[in-house]
Amino acid sequence: MSTTFQLDTATSRATPTPQPMKRLTVPKLRARKADGVTQDPIVMLTAYTARQAQLLDEHCDALLVGDSLAQVIYGLPSTIPVTLEMMANHAAAVVRGSYHAVVVVDMPFGAYEPSPEKAFESAAMLLKASNAAAVKLEGGEAMAETVEFLVHRGIPVMGHVGLTPQAVNVLGGYGARGRSDAEADKIVADAKALEKAGAFAIVVEGVVEPIAIQVTEAVGVPIIGIGASAKCDGQVLVTEDMLGMFERVPRFVKKYGDLAGEITDKVAQYAREVRERSFPTDDQTYQPK
């Protein structure tokens with residue numbers, strides 16, 4: 001039985017205690033889809049910090065350290081400025097905060113496109129620095145050679161087709177893909193090329209539903225949808241979006257809560273009590289014995 005470390009919040013915000021648990025593995029996730037059918041859909045959410053990973057871990061099969069941290073954590077306008085170091089640091093925190101889910105880390109823009117060799121160098125750095133299980137990269141047929149190169153050298157790869165945010169400048173925005181026959185055919189061909197290259201799963205983002213279903217039926221590895229279809233083999237969302245941390249989210253996001261409203265209310269209460277001098281009370285101060 002493998003042992004990893006989970007943060008023990010009962011005693012301290014940062015005290016590691018051993019938590020015996022065998023993690024899910026990439027082969028086990030891949031095996032969820034057999035003979036074209038996934039009986040147990042894959043649950044995936046994004047995570048960027050140890051505490052966030054700790055809260056999500058027991059409910060998720062995979063945690064994605066997405067380059068969406070550009071907007072969510074750093075307030076950047078797109079994912080383009082994200083660096084390898086940023087991804088490595090956040091991935092390491094997520095691995096430390098989890099013990100069950102497969103941790104997948106995004107390859108940032110510019111870290112893999114130049115050549116398969118460059119991609120291997122970047123992927124090796126990410127996995128060695130974080131102890132994550134796999135990397136994810138965007139692109140279809142154009143990236144198939146790179147995916148094959150990485151997989152043959154021991155690096156599991158999750159693919160990503162359809163709306164690929166790193167290519168936003170080429171795509172001209174974040175609109176749904178696959179509306180034309182040519183674009184739909186390309187998305188299907190991209191997914192098939194990634195499967196053939198050895199990707200263990202593929203994210204299909206922001207595509208019209210019939211194309212998402214077509215890809216799911218045409219490809220033998222799990223298809224994880226985001227803005228795609230409930231008929232995909234799994235789903236992923238940006239956690240902060242589904243928890244209601246932002247007012248504006250993509251139309252495919254279902255808000256399961258209003259965490260931003262909750263935080264605002266509690267901070268307003270704290271500010272009021274500080275100004276009224278009603279906090280701290282005896283319960284929060286040290287009195288003479």
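UniProt positions are given here in the numbering of this structure, with feature names shortened, and the annotations may be inferred rather than shown by experiment.

## Basis of the model

The model is predicted: local features require pLDDT of at least 70 and side-chain atom pairs count only at pLDDT 80 or more, whereas totals for chains, interfaces and linings use all residues. Residues are numbered from 1 along each chain as its sequence is written, and side-chain values rest on heavy atoms, with hydrogens and water left out.

## The barrel

A barrel is closed by 8 strands in the order β5-β6-β7-β8-β9-β10-β11-β12, with parallel pairing. From one strand to the next the twist averages 25°; the axes are lines fitted to C-alpha atoms, and angles run from 0 to 180 degrees between N-to-C directions. Strands (E, at least two residues) and helices (H or I, at least four) are DSSP runs numbered from the N terminus, and two strands count as paired if DSSP finds at least two bridges between them.

Strand β5 (residues 42-46) is largely enclosed by the rest of the structure, because 4 of its 5 residues are buried. Buried denotes under 20% relative accessible area, exposed over 50%, and partly exposed in between (1.4 Å probe, protein chains only).

Strand β5 is joined to strand β12 (residues 234-237) by 4 bridges, and the two run parallel; M44 has V236 in β12 as its bridge partner. With β6, strand β5 pairs in the parallel sense over 3 bridges, and L45 has L63 as its bridge partner there. The chain passes from β5 through helix α2 (residues 50-56) to β6 in a right-handed β-α-β crossover; that is, with the strands pointing away from the viewer, the path from the first strand over the helix to the second runs clockwise.

## Strands β6 and β7

Strand β6 (residues 62-65) pairs with strand β7 (residues 102-106) in the parallel sense over 4 bridges. Within this pair, L64 stands opposite V104 in β7.

## The annotated binding site

An unreviewed UniProt entry lists D67, S68, D106 and K136 under "binding site". These residues span 70 residues in sequence, yet no two of their C-alpha atoms are more than 12.6 Å apart, so they gather at one spot.

D67 lies in the loop between β6 and α3 (69-72) and counts as buried at 5% relative accessibility. D106 is located in strand β7 and is likewise buried, at 4% relative accessibility. Leaving aside residues up to four places away in sequence, D106 touches L64, V65, G66, D67, M87, L126 and K136, where contact means heavy atoms within 4.5 Å.
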